[in-house]
Amino acid sequence: MSNQLNNPSQWTTGADAPTDKQKSFISTLAASKNASVDPNALNKSEASAKINELKDQPTQNADASAGQPIQDPNTWSTGDDKATGKQMGYVAVMAKKAGEEVPGQMGKTEASQKIEELKGKTGM
């Protein structure tokens with residue numbers, strides 16, 4: 001099974017159009033690597049391979065924006081779950097930079113919304 005996961009060309013759905021998440025990730029990676037890639041011209045298998053290729057390239061543009069979330073955090077089925085460690089880390093760093101008190105525990109949706117708010121305040 002893991003061999004198949006490592007070989008996107010063998011995926012049953014490999015010829016399908018790439019997912020929205022793949023397209024978004026490729027766009028973000030391409031911007032950070034100063035690469036020109038049209039994710040809509042790829043299938044799911046090719047998109048996976050392109051992601052791996054881009055991840056292996058050195059970052060050329062560290063200021064590239066990750067863009068907007070693919071899904072509205074208010075619709076997340078796990079939005080009320082405890083925020084991830086990465087989310088809380090982002091909130092803590094940006095809150096300190098914004099001169100705000102670091103909030104306590106948050107849910108995933110609340111943390112995502114706070115991150116967006118703090119991005120606007122800090123320019124991060």
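Trainee: Which residues make up the largest nonpolar core?

Mentor: This is a predicted model, in which local features need pLDDT of at least 70, side-chain atom pairs count only at pLDDT 80 or more, and totals for chains, interfaces and linings use all residues. Residues are numbered from 1 along each chain as its sequence is written, and side-chain values use heavy atoms, with hydrogens and water left out. A nonpolar core is a set of buried Ala, Val, Leu, Ile, Met, Phe, Trp, Tyr and Cys residues joined through side-chain atoms within 4.5 Å, where buried means under 20% relative accessible area, exposed over 50% and partly exposed in between (1.4 Å probe, protein chains only). The largest such core has nine residues in all: A83, M88, V91, M94, A95, M106, A111, I115 and L118.

Trainee: Which helix gives the most to this core?

Mentor: Helices are DSSP runs (H or I, at least four residues), numbered from the N terminus. Both α4 (85-97) and α5 (108-122) supply at least two residues of the core. With four residues, the helix that gives the most is α4.

Trainee: Which residues does M94 touch, not counting those up to four places away in sequence?

Mentor: M94 belongs to the largest nonpolar core. Contact means heavy atoms within 4.5 Å. On that basis, M94 touches I115, L118, K119, T122 and M124.

Trainee: Is S112 buried or exposed?

Mentor: S112 lies in helix α5. Leaving aside neighbours within four places in sequence, it is in contact with P73, W76 and Q87. Because its relative accessibility is 8%, S112 counts as buried.

Trainee: Against which helix do the buried residues of α2 pack?

Mentor: Helix α2 covers residues 20-33, and its buried residues are Q22, I26, L29, A30, S32 and K33. They cover an arc of only 160° around the axis (taken from the directions from the helix axis to the C-beta atoms), which puts them on the same side of α2. On the other side of α2, D20 and K21 are exposed. The buried residues of α2 pack against α3.

Trainee: Which helix has the lowest mean pLDDT among the elements of the protein chain?

Mentor: pLDDT is the predictor's confidence in each residue, from 0 to 100. The protein chain has a mean of 82, and 84% of its residues reach 70 or more. Helix α3 (residues 44-56) has the highest mean among the elements, 90, whereas the lowest, 55, belongs to helix α1 (residues 2-5).

Note on methods:
Expected span 1.5 Å × (residues − 1).
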